[in-house]
Amino acid sequence: SSDLGVSFLELAMDIPPDFGYVILVGVASAFFNLYLGYCVGKAREKYGVKYPAMYSDSQPVFNCIQRAHQNTLEGYGQFLMFLFIGGLKYPRLSAIGGIIYLAGRAAYARGYSTGNPDKRLNGTFGYIGLLLMLGCSATFGLGLIGLL
């Protein structure tokens, strides 16, 4: 028992067996991010953009490829948090949300990598998955504090 009168075991929770789906979506997301990084590396070679430059003044297609990866990384933390927190209570829904989100990111990157930034909008459906995971996380949190 701690000074707060709550033992560690009281704080522990059972992880549902279906949480394995959540873990696998998280692993897939890591491979997806590695793939996007690989694409940036190949684009650096193709367009002659040397490190440490993040962007090019003369190669807009490189910039689009780089930006697709960078934008995915910018939202990666919240994606993982929503995936794993929501997955503790709603593992299948969170995993499905994660798959939808990753498919959206793939469509986003594919469209953006054409060099036409408007084609990145092909991936906006991925936000359906993000909102699903956000809802799972919020519902779980509200339930833990007794508001649901």
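Student: Where does P52 lie?
Tutor: P52 is in the loop between α2 and α3. Helices here are DSSP runs of H or I with at least four residues, numbered from the N terminus.

Student: Before we go on, what kind of model is this?
Tutor: A predicted model, where local features need pLDDT of at least 70, side-chain atom pairs count only at pLDDT 80 or more, and totals for chains, interfaces and linings use all residues. Residues are numbered from 1 along each chain as its sequence is written, and side-chain values use heavy atoms, leaving out hydrogens and water.

Student: OK, back to P52. What kind of peptide bond joins Y51 and P52?
Tutor: A cis one, with omega at about 10°. Most peptide bonds are trans.

Student: Now the helices on either side of that loop. At what angle do the axes of α2 and α3 cross?
Tutor: At roughly 160°. α2 covers residues 19–47, α3 covers residues 60–74, and their axes come within 9 Å. That makes α2 roughly antiparallel to α3, a label for angles over 145 degrees. Axes are lines fitted to C-alpha atoms over the stretch in contact, and angles run from 0 to 180 degrees between N-to-C directions.

Student: Which residues make the contact?
Tutor: α2 brings F32, N33, L36, G37, C39, V40, A43, R44 and Y47. α3 answers with V61, F62, I65, Q66, A68, H69, T72 and L73. Contact means heavy atoms within 4.5 Å.

Student: How do those divide by class?
Tutor: Into 11 nonpolar, five polar and one charged. Ala, Val, Leu, Ile, Met, Phe, Trp, Tyr, Cys and Pro count as nonpolar, Asp, Glu, Lys and Arg as charged, and the others, Gly among them, as polar.

Student: What about α2 and α4, what is their angle?
Tutor: About 170°, with the axes 9 Å apart. Helix α4 runs over residues 76–89. So α2 is roughly antiparallel to α4 as well.

Student: Which residues meet there?
Tutor: From α2, F19, V22, I23, V25, G26, S29, A30 and N33. From α4, Y76, F79, L80, L83, F84, G87 and L88. The classes come to 11 nonpolar, four polar and no charged residues.

Student: Next pair: how do α5 and α6 cross?
Tutor: At roughly 155°, with axes coming within 6 Å. Therefore α5 and α6 are roughly antiparallel to each other. On the α5 side, the contact is made by L93, S94, I96, G97, G98, I100, Y101, G104 and R105. On the α6 side are G126, Y127, I128, G129, L130, L132, M133 and C136. By class, the contact has 10 nonpolar, six polar and one charged residues.

Student: New topic: holes. How many cavities of 30 Å³ or more are there?
Tutor: One. The largest cavity holds about 40 Å³ of space. On a 1 Å grid over the protein atoms alone, a cavity is a set of points where a 1.4 Å probe fits but cannot get out.

Student: What lines it?
Tutor: Y101, G104, R105, Y108, G123, T124, G126 and Y127 line the largest cavity. α5 (91–112) gives the most, with four residues. α5 and α6 (126–144) each supply at least two. The lining has three nonpolar, four polar and one charged.

Student: And what is the volume of the largest pocket?
Tutor: About 150 Å³. A pocket is an open set with protein on both sides within 12 Å along at least five of seven lines, and lining residues have an atom within 4 Å of a point. Volume is the space filled by probe spheres set on the points.

Student: Which helix gives the most to that lining?
Tutor: α2, with four residues. The lining is F32, Y35, L36, C39, I65, A106, A109, R110 and S113. It divides into seven nonpolar, one polar and one charged.

Terms used. Parallel < 35°, antiparallel > 145°, perpendicular 65-115°, else oblique.
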